[in-house]
Amino acid sequence: MNFSDKEAVEKLVIGCTNGDQRCQQIVYKAFYCKMLGVCARYSCNREEAKDLLHDSFIKVFEKLKNFKNEGSLEGWVRRIVVNNAIDFVRAKREFLLNYDDESQFENIPDDSYYVSDIDDLNKLNAEIILKFVQKLSPAYKTVFNMYVIENYTHQEIADYLEISVGSSKSNLAKAKIRLREMFEKYKNEKRKLS
């Protein structure tokens, strides 16, 4: 299906909202892999990601009547999946944001201060990077995903998670430090094997 054809998308959405399983299956199959990737970044393992994706698609089909056919359907679906993933993480008991001396992070600029590692990271397999991100604590992983992947601002993250901007910056900085440690360990292990 051509998702850039607004008329075709509109017919598909109408079919989905009318309970046409064939139309729902088209939407599900079209976005399954990409949205599973989104869910995997917020979950601890593949099974949890699949459960999260299933719940997300239930919400997608419940809310599809609200889709205005402005922008892409994929972007609209992604927003629901991301919001559902963030809500899922927030609802978990182990989701605790680190509030340790967040004032030291208030003046961190919004752009990364680990830019020098980007070229090395680009050489890594996406699966390896995902494993690194999945090893982060739920708080670090959520803020990292929201900021780096979903392009939320620190203010938006703070508002959504009901924390301060400093806490958002603190958790992002600590996530990057932890990822850098994992990356360095990975590089050192690869060198030893060479």
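Helix α2 and its surroundings

Q24, V27, Y28, F31, Y32, M35, L36, C39 and A40 of helix α2 are in contact with R46, A49, K50, L52, L53, S56, F57 and F61 of helix α3. The model that shows this is a predicted one.

Two packed helices are described by the angle between their axes and the distance between the axes. For α2 and α3, the angle is about 135 degrees and the axes are 9 Å apart. Angles over 145 degrees would count as roughly antiparallel and those from 65 to 115 as roughly perpendicular, so α2 is oblique to α3. The crossing in which α2 passes α3 is right-handed.

Now follow α2 itself, which runs through residues 21–42.

Which residues of α2 are buried? They are C23, Q24, V27, F31, M35, L36, V38, C39, A40, R41 and Y42. The cover over these buried residues includes α3 (46–63), along with α1 (6–17), α4 (73–91), α6 (126–134) and α7 (138–149).

A last stop is helix α8, which spans residues 154–161 and contains H154. Is H154 buried or exposed? Its relative accessible area is 4%, and buried means under 20%, so H154 is buried. The side chain of H154 also makes a polar contact, at 2.8 Å, with the side chain of S168.

How values were computed:
Residues numbered from 1 in each chain as written. Predicted model: local features only at pLDDT ≥ 70, side-chain atom pairs only at ≥ 80, totals over all residues. Heavy atoms only, no water. Helix = DSSP H or I, 4+ residues; strand = E, 2+ residues; numbered from the N terminus. Buried < 20%, exposed > 50% of the residue type's maximum accessible area, 1.4 Å probe, protein only. Polar contact = N/O pair within 3.5 Å; in protein donor to acceptor, adjacent residues only side chain to side chain. Bend = angle between axes of the 7 residues up to and from the residue. Contact = heavy atoms within 4.5 Å. Axes fitted to C-alpha atoms, helices over the stretch in contact; angles between N-to-C directions. Parallel < 35°, antiparallel > 145°, perpendicular 65-115°, else oblique. Left-handed = near helix turned anticlockwise from the far one by under 90°.
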